Every structure is written in C-alpha cells, then in structure tokens.
Amino acid sequence: MDQHRETLQRIVSNLANKNGEIHNFIDMLNHRIKNVQVNSSNAISELDEEFDGLYSILDEMKGSMANTIQQEEARKIQALQDQLSQCSNALESSEELLELAAQSLDIKDPTEFFKAARQIKDRVTMASAFRISLKPTVSDSMTHMMVDFALERRMLQAVNFLPVPKAPEIDLAACLVADNCVTVSWRMPEDDSRIDHFVLEYRKTNFDGLPRVKDEQHWELVDYIKATEYTLSGLKFDTKYMNLRVQACNKAVAGDYSDPVTLETKAFVFSLDSTSSHLNLKVEDTYVEWDPTGGKGQEKVKGKENKSSGQNPLLKSSRRSGAPSPKRTSSNTRPSARGSRDHFTGESYTVLGDTAVESGQHYWEVRAQKDCKSYSVGVTYRNLGKFDQLGKTNSSWCIHINNWLQTTISAKHNNKAKTLDIPVPDRIGVYCDFDGGQLAFYNANSKQLLHTFRTKFTQPLLPGFMIWCGGLTVSTGLQVPSAVKMLQKSENGLSGSTSSLNNIA
C-alpha cells in the first residue's frame, strides 16, 4: 500500500512539474506571438519611414535639378536676347548709312561728292554692323542637362531587407561559474565577416530549465562585446540560477538571440536577524551598527510591563520583538532560522544570521568600520543563550578583534582564547565546511589563512557577530573562492593552525 502510494505521489509530482513546464511554454508562445505582432508593426513603420525619407530625397533632388535647368535656360535666353538687341541696333545703323550713301550718289558737285563719300567711308569703318559676330553666343542644345538613372534604378530594384546575422550558439561546456564570476562562451554557426559586435543579456532566477515569461527579473545587458567570450564579474549570487543569451550585430541590424542557457549560481545567502539582536545594535539587512542609546526606550517599557501583572501578553510579545529592518518587511516570507526567542542582552552585543548552515561548504565576508573598537565573527548553534557571548560557550566558535590600546586578534571557543600573531585584515572571510567539520577564517583580500577550527558539527550553525562601537558589513551570496578551495586541500591532513582550541567541540 505504502509503495503504491509513493509511486502515485511520484507520478502526481511528475505530472505537476510537466504541467508547470507546459504552462510556462504556453506563456512563452503567447508572449512570442505578441512580440511578432509588435515587431512586425515596428518593421512596417520603419519601412514607411525609410521610403518616405527616400521619396523626400528624390523630390528634393528633382526640384534642385529642375531649378538648375531653368537657370541654364534663363542664362541662354538672356545671352541670345542681348545678341539680338545688338544685331537690331547694328542693322538700324547700317540701313541709315545705306540710305545716306544712296543719296550721296546723286550729288553733282565733285567737291561735295568727295566730302560726302569720305564721311560715309569713315562711318562705314566705324559701323557696328562690321564689328558684331553673326554667330550665336550660346547653343540651343540642353543635352548637358539630361540625366540617366539606369544605374540608380537597378540599385533601387536590388534594394531588399538587410542581411540579419544568425543566432550565436552558446558553448555550455566552455561556460564557467567560479569566484562569483560567470564566463560565457559562444560561437557563430558559420563564419560571418560582417559581424561587428555581440550583445550579452543575463538575469537571475530561481527556476531551472527554460526562461519563464512571468515573475522574472528584467534582462541585464552588456553591449559592444567584440570577442566570443565574456566574463561577468563581481556578482552576488542571491538566486539559484542565471539565464543567459547572446545576439550578434552587424553595422545595421541585430540578429536573433541564441537559445538561452541556464547556469547554476548557488551560494549561501542570509541577512542579519533583527528580531533577536541586542537592543543596542541597529540592524539593517546585512549591516549592524553599535547604538549605545538603542535599548533605553525598550528597557523602560519592559520595566513597566514587569510591574503590570494584568498586561496583555500579546502586546508584551510585540514590544519585545523589536522593529524589523526596513529592508526585511513582511513581504519576505523566509522565517528566522532561530525561531521565536528573546533579544540578546547584558554584555552579549550579538546579532545572528537568519539562515542556518546544515550541510555543504559555504563562505561569507565581513568588513569592520575603522573606528570599530571590538568585534567577533563566527558561528554558533541555535542554543546560544541571551547572555552568552560568541566563543565563550562550547557551542560557538569565533575570532575576536580588539582595537583598544593595541590591536589584537584571537581565536575563541568554549571560553578559551588563543592569541594569533598576525595583522588584522580589512576584510575577514569565513569558510564553513559543515560536513568536513572545519571553520576557517581568511584575510579576504590576500586569502591568507588566519585560523582553522576542526570539530564535528552536530547541529545546524548560524553565522554570529558581536560588536562594540562601530559597525560591521556582511557580504553574502558569495561562492567559496578558488584560492580558499586550494588552501583547504593543502590544509587537510595538516595541523599547522590547529591547536587545543580546535579539538574542543
């Protein structure tokens, strides 16, 4: 019966997963149909704009060339009219001289005849009719203003849609996720010398498989990539996966996107739990700051509550819970890993992470402000009492930095301390191998090993922090750095940093 029930439950689970995949694919198809309609409308609009621009250029050129022809016509006509006017004046003068010469032929007096003949001769010598050219100054041909658009017509007839680059193919085997970097490699299905650059898009997701249309973040874009490989660096891995796709672009147009790939980007992500932190600590997501006045108002209210025996317990509970961080509102459904408990109090200026380590290898970093006087970084079981301090119980491990008269750093566990003869780094990296029973602290910049605790963890671990004066910033969503992995391999089996502290569980 139980076996059949388990089989049926697996079938139901597989059917539910398949239905989810089909629903996602239907959403994708509907989304693609809308995109086709929108992109087709945009393409037609761009086509209209291009042809309207071409028509405008042709009309402008036609007007300009017609104006040139008209100017040439006016120039030639003016030149011919000027020549016609000159000829008319010359003809009028010549006819007048001809009439005078005819009259002179009738003169009988030799002296008068000689005088008239001489005057006519002089006037003929100076007559414009003998000085003007009888050849037209301009030609009546307009062949130099003719056009032949045969070549342009053939070019226009050859106009077609732009050649679109083919979709690249992402080489999944060559992609690499390491050190909070994602290296993506791709290739073109065939050589294309017209490719100018590539565009890489990526987005974080918690869904494996094909990218979803609904409930997803927007694509982030990296443009003008010249090579066929790109590395996204400095990422915070606060989701399980990352979708990636690439498109090729020539000088004019971008091609289709490649088939998207999904890469796993798992890392340990947590925030600081303000619901149980000391009231003198101001907690906001991954930042904690010492606030010497933070608990005074709450302590007065608590004192009044203790004196009032008939006080509503629900009201008392709500007052003790403390105000949640502005960045961790009720919309965040992740429950506190500690469960319901009192705030830390007394000299335990402690805040814990809200997510427990129960298996695997994890890494996070801590940066202290320069004016931070005293702080501790480590892990603890859930049973840390509200008066307990990190490293002073057998269920907590930490390194402690003291910046009072002189700066010291020490490893603490079970109320025993070991002073470390090393400089205090700006950032501390915390490496926790739950299954391997190792808690190591590193200089986050140089990856120098500061100290290693070795034990057998028997309960889930919570990141823990204590601070007095100043502030701490916690960086989560980090993968275990490759350098730390290599150092851990070399450290395994060695006891160079292992002391009696490490052997006390």
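Does E46 count as buried or exposed, and what is its relative accessibility? In this predicted model, E46 counts as exposed because its relative accessibility is 52%, and exposed means over 50%. You will find E46 in helix α1, which covers residues 2–104. E46 also takes part in a negative surface patch, together with D48, E49, E50 and D52.

Now let us step back to the whole protein. Its secondary structure comes to six helices and 22 strands. There are 505 residues, and 35% of them count as buried. The protein exposes about 31,500 Å², with carbon and sulfur atoms supplying 52% of that area. If you take the contacts between residues at least 6 apart in sequence, 68% of them join residues at least 24 apart.

Next, a look at the backbone. Most residues other than glycine have a negative phi. With that in mind, two places deserve a visit. N415 is not a glycine, yet its phi is positive, at about 65°. To locate N415, go to the loop between β16 (407–413) and β17 (416–420). N415 is exposed, because its relative accessible area is 55% and the cut-off for exposed is over 50%.

The other stop is K447, which has a positive phi of about 60° although it is not a glycine. K447 sits in the loop that lies between β19 (438–443) and β20 (449–454). Is K447 buried or exposed? Its relative accessible area is 19%, so K447 is buried, given that buried means under 20%.

Definitions and conventions: Residues numbered from 1 in each chain as written. Predicted model: local features only at pLDDT ≥ 70, side-chain atom pairs only at ≥ 80, totals over all residues. Heavy atoms only, no water. Patch = residues over 30% accessible without salt bridge, like charges linked within 9 Å, V, L, I, M, F, W, Y side chains within 5 Å. Areas by Shrake-Rupley, 256 points an atom, 1.4 Å probe, with all protein chains shown as cover. Salt bridge = Lys/Arg side-chain N within 4 Å of Asp/Glu carboxyl O. Lys, Arg positive; Asp, Glu negative; His and termini not counted. Charge placed at Lys NZ, Arg CZ, Asp CG, Glu CD. Helix = DSSP H or I, 4+ residues; strand = E, 2+ residues; numbered from the N terminus. Buried < 20%, exposed > 50% of the residue type's maximum accessible area, 1.4 Å probe, protein only. Contact = heavy atoms within 4.5 Å.
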